[in-house]
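User: Hi! Could you walk me through this one? I'd like to start with the charged pairs and then move on to the helices.

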Amino acid sequence: MYSTLLLDYTKERATITLNRPDKRNAINPPMIAELQTALDEIEKKKMRVVILAAAGSVFCSGMDLEMLSAIARQSAQENQDDSRRMAKLFRRIWSFPRPIIAAVNGHALAGGCGIATLCDFTLAATEAKFGYTEARIGFIPALVAVFLIRQVGEKRARDLLLTGRIFGAEEAHQLGLVNEVVPSDQLLKRARELAAQLMELSPTSLVRTKRLLRDFSQKEIDRELELATEENARIRSTADFREGLSAFLEKRKAVWSPVASKE
């Protein structure tokens, strides 16, 4: 049923495994759609907890190269639709009614970093790396910014989003993006232990607590996601994005325009 992920059930626990290891588990349209479908299926089956893991040595490297290449040829409306699909996925993960535990085994970059840190719990292997690297290719970390600023505060969010730097699991833990750092060979075991602890608690309490946390800020989240979606689509028409994308695909250093684009 799924081409980009695996979905397994063990009693009342569901495990989603991103399964494009040959592509560094990069995000593409089928993966976005299949993650939504998997979450819908898990909710219908009334699973108590979800583990989100990844095959291979990389958790998720961000947007797929073929998807990036396609963006350069898309119309304004196609860019809007594409941006909205990603925003919908981020919001779905953030507001999912059951606890989600991310088990980050390696690099989680750009949109992949967003997916990893939007979960209720984020466990990271010692060697895991994180980064909101969009500015490196003339893109904008608009969608993740909506959630990141709430997780780490504005000053730290500005640092991570404006520099696009890659940082390790320990720093991610210090920033509050990661709950625990564990040896890689213990990562899934620890995720299952945490899942078991959550499954000992009242399911009604957990669902209602998550609903309350969602309701506290969902109006602001929805308003900000709409702004972020518009900006995410708009930047794709700029000269810097076209140059950054070309440089990335050609594996060369980008030559940016001397003045910020107003396109």
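**Salt bridges and helix packing**

Analyst: Happy to. Arg 84 and Glu 226 form a salt bridge, with their closest N and O atoms 2.9 Å apart. This pair links distant parts of the chain, since Arg 84 sits in helix α3 and Glu 226 in helix α9, 142 residues apart. Keep in mind that the model is predicted.

User: Thanks. Is Arg 84 buried or exposed, or in between? And Glu 226?

Analyst: Arg 84 is partly exposed, with a relative accessible area of 34%. Glu 226 is also partly exposed, at 35%.

User: How many salt bridges does the structure hold?

Analyst: The structure holds 22. One of them joins the side chains of Arg 236 and Asp 82, at 2.6 Å from N to O. That pair also links distant parts of the chain: Arg 236 is in the loop between α9 (203–234) and α10, Asp 82 is in helix α3, and 154 residues separate them. Both Arg 236 and Asp 82 are buried.

User: What about Glu 180, which residue does it pair with?

Analyst: Glu 180 forms a salt bridge with Arg 190, and their closest N and O atoms are 2.8 Å apart. Glu 180 lies in strand β9 (residues 180–182) and Arg 190 in helix α8 (residues 187–199), so the bridge ties together parts ten residues apart in sequence. Arg 190 counts as buried because its relative accessibility is 17%, under the 20% cut-off. Glu 180 is partly exposed, at 25%.

User: Switching to helices: how do α3 and α4 cross?

Analyst: The axes of α3 (residues 76–95) and α4 (residues 111–118) come within 9 Å and cross at roughly 20 degrees. That makes α3 roughly parallel to α4. The crossing is right-handed.

User: And α1 with α3, what is the handedness there?

Analyst: That crossing is left-handed. The axes of α1 (residues 29–44) and α3 come within 10 Å and cross at roughly 30 degrees, which means that α1 is roughly parallel to α3.

User: Nice. How far is Gly 62 from Gly 111?

Analyst: Gly 62 and Gly 111 are 4.8 Å apart, C-alpha to C-alpha, and 49 residues apart in sequence. Gly 62 lies in the loop between β3 (49–54) and α2 (65–71), and is buried with a relative accessible area of 0%.

User: Last one: which residues make the nonpolar surface patch of about 260 Å²?

Analyst: Leu 65, Phe 248 and Leu 249 make that patch. Leu 249 lies in helix α10 (residues 239–250) and counts as partly exposed at 35% relative accessibility.

Conventions. Residues numbered from 1 in each chain as written. Predicted model: local features only at pLDDT ≥ 70, side-chain atom pairs only at ≥ 80, totals over all residues. Heavy atoms only, no water. Patch = residues over 30% accessible without salt bridge, like charges linked within 9 Å, V, L, I, M, F, W, Y side chains within 5 Å. Areas by Shrake-Rupley, 256 points an atom, 1.4 Å probe, with all protein chains shown as cover. Salt bridge = Lys/Arg side-chain N within 4 Å of Asp/Glu carboxyl O. Helix = DSSP H or I, 4+ residues; strand = E, 2+ residues; numbered from the N terminus. Buried < 20%, exposed > 50% of the residue type's maximum accessible area, 1.4 Å probe, protein only. Axes fitted to C-alpha atoms, helices over the stretch in contact; angles between N-to-C directions. Parallel < 35°, antiparallel > 145°, perpendicular 65-115°, else oblique. Left-handed = near helix turned anticlockwise from the far one by under 90°.
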